[in-house]
Amino acid sequence: MIPHPAATPDRGHRVCVIGAGYVGLTAAACLAHLGHEVVCVESDPRRLATLERGGIPIVEPGLDEMVAAVTANGHLTFAARAEGGVPGAEVALLCVGTPPRPDGDPDLTYIAQAAREVSQAATGDLVVVVKSTVPPGSCEAIELICQEAARPGIRIRVASSPEFLRESRAVEDFLHPDRVVVGAADDDVADLVAALYPPGVPVVRCDRRGAELVKYAANAFLAVKISFANEVAALCEHLGTEASTVLQGVGLDHRIGSDFLRPGPGYGGSCLPKDVSGFRALGRAMDSPTHVVAAAERVNSEARSAIVEKLAKATGGVRGLTVAVLGMSFKEGTDDTRDSPGLGLIDILTTSGATVKAYDPLAKVDGLTVERSASAMEAVRDADAVVVATSWREFAELDPGKVAEAMSGDVVIDSVGALDLEKCAGAGLVVYGVGRGTPVSFHPVVWPPLRWAHSPRDHTGSDGTAPDTGSSADRETVAGEDGARAGAEHGGGVAPSRHGLRACC
Ligand SMILES: NC(=O)c1ccc[n+]([C@@H]2O[C@H](COP(=O)([O-])OP(=O)(O)OC[C@H]3O[C@@H](n4cnc5c(N)ncnc54)[C@H](O)[C@@H]3O)[C@@H](O)[C@H]2O)c1
């Protein structure tokens with residue numbers, strides 16, 4: 001762990017943070033740790049009560065200790081309303097939710113309300129910083145709301161400084177960000193906002209619309225990387241090669257980077273799906289095409305059903321199966337289940353007629369309609385199949401022998417690449433990954449003048465049929481030794497398991 005920048009009380013500003021969620025509470029605690037005087041306003045009485053009791057309402061490594069330290073030294077206090085934190089503050093950070101509306105546009109009700117509340121509570125000039133993710137142009141509109149709500153003679157200026165932290169790494173990311181983005185109309189405002197952050201961090205200064213777009217564009221690009229990884233993984237399955245190695249080879253090019261280049265059940269969480277649809281809504285509003293991001297969104301929308309199809313292929317159909325779903329948080333290390341792949345998979349499985357037993361070490365799910373198990377081993381007991389949906393370390397550490405013994409079936413779909421295939425296979429489990437293992441169908445396509453090793457008379461498809469020459473007359477599909485072997489072993493992708501079928505990829 002990189003040491004956190006030391007607190008520097010001499011550089012402190014008086015800051016009011018609105019919202020004590022993942023972004024707001026992290027920002028409040030970290031700013032207090034950096035020496036600022038912070039009041040964090042939370043309107044949800046249950047969350048506020050937890051904070052006032054000395055707890056924190058979210059799971060975020062290191063945040064509880066930091067909150068305890070800065071509340072003990074008096075740098076951080078909590079309030080129920082803006083009046084409890086805004087008077088006397090130089091800066092108010094808006095960190096409230098901007099969830100998607102059903103049409104995909106962001107719901108800006110909470111941010112508008114928070115802007116109104118801080119402006120009404122201001123007793124002196126104030127800089128309002130929008131840290132919530134909002135579409136470009138919002139800060140200018142929010143400034144109008146603030147000016148209308150403020151008392152006469154009080155000047156409120158609005159800046160944009162989007163947040164890039166990752167849940168489960170929030171404290172680290174806030175204190176050691178790759179960069180800080182500050183969008184402001186005035187230099188003195190930009191200077192004040194930049195001075196809030198840890199010293200020595202690269203600061204990108206721009207206008208407000210630019211800063212707002214940086215956040216949307218960054219998340220849209222991350223979504224493209226994930227969907228691209230899933231496309232490469234699908235090709236790897238056909239070729240019988242390992243997606244993780246191929247993507248490692250791609251990602252180690254520093255122009256590309258390995259982060260987010262991982263295949264799986266697609267992106268989820270509170271940010272990427274919403275910001276992708278927000279980016280597309282922006283494109284529509286500006287009449288500016290967003291084809292690349294639209295394609296990433298389409299690929300992602302198919303990723304979860306592709307996992308269930310894999311399970312159906314492996315078992316002969318999911319109707320009537322008892323399936324253990326391991327992982328309901330949208331990724332490991334967090335309790336956040338917003339748009340989580342695990343919950344998405346549970347929905348598809350139950351709709352398809354499976355009975356689901358679900359387990360997650362941390363996630364609390366209100367209104368879960370399936371049985372919740374107390375442990376991973378309890379979930380897999382008597383299950384016909386297992387789907388790993390979140391790469392919690394404890395799933396990788398399960399003893400495959402005990403899992404195989406406890407299950408009534410043998411099929412495991414490891415959608416997040418958490419498991420050791422060899423160990424699982426050794427225990428008799430039949431594990432299907434995403435972009436892993438031996439090929440489902442191997443149809444090597446050779447473009448003339450190259451030729452597959454065998455004479456053209458040997459040409460057969462891997463399923464034993466005549467070669468599919470594809471749509472181009474110049475291409476030929478030829479099965480070589482590996483292809484023929486794959487076809488013979490797996491019968492074109494399916495071979496017997498305990499359920500009458502066997503694993504392929
Ligand atoms: N969660 C992330 O990883 C992350 C990362 C970067 C950016 N963001 C963006 O930051 C924003 C906040 O996200 P979050 O995940 O922290 O949301 P969240 O839902 O966890 O927290 C928002 C908090 O604000 C409180 N709140 C709402 N209106 C309020 C008001 N008027 N006064 C006081 N409190 C109020 C809510 O009760 C809630 O506790 C969103 O725009 C999100 O897109 C989130």
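**The whole chain.** Display the protein as a cartoon, bearing in mind that this is a predicted model. The chain contains 17 helices and 16 strands. Of its 505 residues, 46% count as buried. Among contacts with a separation of 6 or more, 69% link residues 24 or more positions apart.

**The ligand.** Select the ligand and the 27 residues around it; Gly19, Gly21, Val23, Ser43 and Ser132 come nearest. Two elements give two or more residues to this shell, namely helix H1 (22-33) and helix H4 (109-121). Which element provides the largest share of the shell? Colouring by element shows that it is H4, with four residues. Colouring by class instead gives eleven nonpolar, ten polar and six charged residues.

**The largest nonpolar core.** Next, select Val17, Ile18, Ala28, Ala92, Leu94, Val118 and Val128, the residues with the most contacts inside the largest nonpolar core, which has 68 residues. Helix H1 supplies the largest share of this core, nine residues. A second, separate core of 45 residues includes Ala376, Ala385, Val388 and Ala418. As a general background to both selections, nonpolar side chains in soluble globular proteins tend to be buried together.

Centre the view on valine 128. Leaving aside neighbours within four places in sequence, valine 128 is in contact with Ala92, Leu94, Ala115, Val118, Cys146, Ile156 and Val158.

**Strands E5 and E6.** Now select strand E5 (residues 126-130) and strand E6 (residues 156-160). The two strands run parallel and are joined by five bridges. Within E6, alanine 159 stands opposite valine 129. Is strand E6 largely enclosed or largely open? Four of its five residues are buried, so E6 is largely enclosed by the rest of the structure.

**The six-stranded sheet.** Move on to the open sheet whose strand order is E11-E10-E9-E12-E13-E14, with parallel pairing. Strand E11 (371-372) and strand E14 (430-432) stand at the edges; each has a single partner strand, so one side of each is left without a neighbour in the sheet.

Start with strand E9 (residues 322-326), in which four of the five residues are buried. E9 pairs with strand E10 (residues 355-359) in the parallel sense over five bridges, and the bridge partner of valine 323 in E10 is valine 356. Bring helix H12 (residues 341-351) into view: E9, H12 and E10 make a right-handed β-α-β unit.

Then look from E9 to strand E12 (residues 385-388), which runs parallel to E9 and is joined to it by four bridges. Here leucine 326 stands opposite valine 388 of E12.

Finally, follow E10 to E11, where two bridges join the parallel strands. Which residue of E11 is the bridge partner of lysine 357? Selecting glutamate 371 displays that partner. To inspect the side chains of any of these strands, recall that in a regular strand they alternate between the two faces of the sheet.

Key
Residues are numbered from 1 along each chain as its sequence is written. This is a predicted model: local features need pLDDT of at least 70, side-chain atom pairs count only at pLDDT 80 or more; totals for chains, interfaces and linings use all residues. A residue is near a molecule or strand if its C-beta atom, placed from the backbone, lies within 6 Å of it. Ala, Val, Leu, Ile, Met, Phe, Trp, Tyr, Cys and Pro count as nonpolar, Asp, Glu, Lys and Arg as charged, and the others, Gly among them, as polar. A residue is buried if 20 or more other C-beta atoms lie within 10 Å of its own, exposed if 12 or fewer, and partly exposed in between; C-beta atoms are placed from the backbone. Two residues are in contact if their C-beta atoms, placed from the backbone, lie within 7 Å. Two strands pair if DSSP finds at least two bridges between them. A crossover is right-handed if, with the strands pointing away from the viewer, the path from the first strand over the helix to the second runs clockwise. A nonpolar core is a set of buried Ala, Val, Leu, Ile, Met, Phe, Trp, Tyr and Cys residues joined through C-beta atoms within 7 Å.
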